[in-house]
Amino acid sequence: MTETKAFILANRELLPVIEQITDDQWSLPVPAQMTWQPNQTLRDIVNYHTYDDAWVPDTLAGKTAAEVGSQYDFLRTTTDTVAEYKKYNARATDAVKNFHDLDRTTHLSYGDFPARDYLQHITLFRGLRTYDIAQVIGHPVTLSDDLVQALWDIIKPHEQALRDMHVIGERLEVADDAPLHDQLLAMTGRQPS
């Protein structure tokens with residue numbers, strides 16, 4: 001699967017999970033594996049995804065953080081979380097649908113990378129968060145076979161490097177004949193439900 005299709009799929013699967021968050025769940029604390037900042041709530045996490053999606057068109061266009069400025073900062077604290085997420089999810093998806101230059105340099109907060117790598121990074125972020133958020137709200141979800149395969153293909157070749165960077169957790173034990181979905185979760189430190 002191409003990087004663009006994998007991103008679109010991950011963004012598509014995250015959306016219905018976010019739409020299922022109820023009013024009384026926005027202030028729920030999230031597990032440490034979901035954030036690098038202490039005391040984050042579900043609203044903080046989803047607002048960050050909105051903020052991250054807002055950057056996708058500009059990042060793919062090769063813009064730097066200085067060029068984009070602070071225009072999306074308000075998304076980190078919005079209380080209109082679902083509406084803003086839907087808006088920027090659609091905007092990011094449309095930008096990726098029309099993007100073809102996977103070798104273009106993108107300027108990220110942690111360095112410059114080809115767009116191909118950038119799309120893999122944000123696909124991984126969204127794909128795993130789909131499962132994580134569903135767990136927090138008590139609505140277990142099974143990732144689609146296509147998304148599982150795409151995430152596996154991104155993670156497996158770089159498993160230890162991703163673990164060393166704290167992108168994924170320590171591998172958990174799972175049966176050798178477990179479905180790929182469960183093997184993926186265990187590889188990333190998540191307990192299959």
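Visitor: In what order do the elements of the chain run from the N terminus on?

Guide: This is a predicted model. Starting at the N terminus, the order is α-α-α-α-β-β-α-α-α-α. The secondary structure comes to 8 helices and 2 strands.

Visitor: What radius of gyration does the chain have, and what would a compact globule have?

Guide: With 193 residues, a compact globule would have a radius of gyration near 16 Å, and the chain has 16 Å, which agrees. The box filled by the C-alpha atoms, taken along the principal axes, is roughly 50 × 40 × 25 Å.

Visitor: How do I read burial, and how much of the chain is buried?

Guide: A residue counts as buried under 20% relative accessible area and as exposed over 50%, with partly exposed in between. In this chain, buried residues make up 48% of the 193 residues. The chain exposes about 9,800 Å², and carbon and sulfur atoms supply 50% of that area.

Visitor: What share of the contacts joins residues at least 24 apart?

Guide: Take the contacts between residues at least 6 apart in sequence: 65% of them join residues at least 24 apart.

Visitor: Now charges. How many positive and negative charges are there, and how far apart are their mean positions?

Guide: The chain has 17 positive and 29 negative charges, and their mean positions are 5 Å apart.

Visitor: And how should I read a salt bridge?

Guide: Side chains of opposite charge can pair when their charged atoms come close. A search of the whole structure finds 11 salt bridges.

Visitor: Which residue forms a salt bridge with E3?

Guide: The partner of E3 is R116, with the closest N and O atoms 3.7 Å apart. E3 lies in helix α1 (residues 3–19) and R116 in helix α5 (residues 115–136), so this pair ties together parts that are 113 residues apart in sequence. The two ends have their own burial classes: E3 counts as buried at 17% relative accessibility, while R116 counts as partly exposed at 28%.

Visitor: What does K86 pair with?

Guide: K86 forms a salt bridge with E19, and the closest N and O atoms are 3.2 Å apart. Since K86 lies in helix α4 (residues 81–97) and E19 in helix α1, the pair ties together parts that are 67 residues apart in sequence. K86 counts as partly exposed at 40% relative accessibility, and E19 counts as partly exposed at 39%.

Visitor: Let us turn to loops. Where does V174 lie, and which residues is V174 in contact with?

Guide: V174 lies in the loop between α7 (159–164) and α8 (180–187). At 28% relative accessibility, V174 counts as partly exposed. Setting aside neighbours within four places in sequence, V174 is in contact with D182, Q183 and A186.

Visitor: Which loop holds S144, and what does S144 touch?

Guide: S144 is in the loop between α5 and α6 (145–155). With 26% relative accessibility, S144 counts as partly exposed. Not counting residues up to four places away in sequence, S144 touches L9 and E13.

Note on methods
Residues numbered from 1 in each chain as written. Predicted model: local features only at pLDDT ≥ 70, side-chain atom pairs only at ≥ 80, totals over all residues. Heavy atoms only, no water. Helix = DSSP H or I, 4+ residues; strand = E, 2+ residues; numbered from the N terminus. Rg over C-alpha atoms; globule rule 2.2 N^0.38 Å. Buried < 20%, exposed > 50% of the residue type's maximum accessible area, 1.4 Å probe, protein only. Contact = heavy atoms within 4.5 Å. Areas by Shrake-Rupley, 256 points an atom, 1.4 Å probe, with all protein chains shown as cover. Lys, Arg positive; Asp, Glu negative; His and termini not counted. Charge placed at Lys NZ, Arg CZ, Asp CG, Glu CD. Salt bridge = Lys/Arg side-chain N within 4 Å of Asp/Glu carboxyl O.
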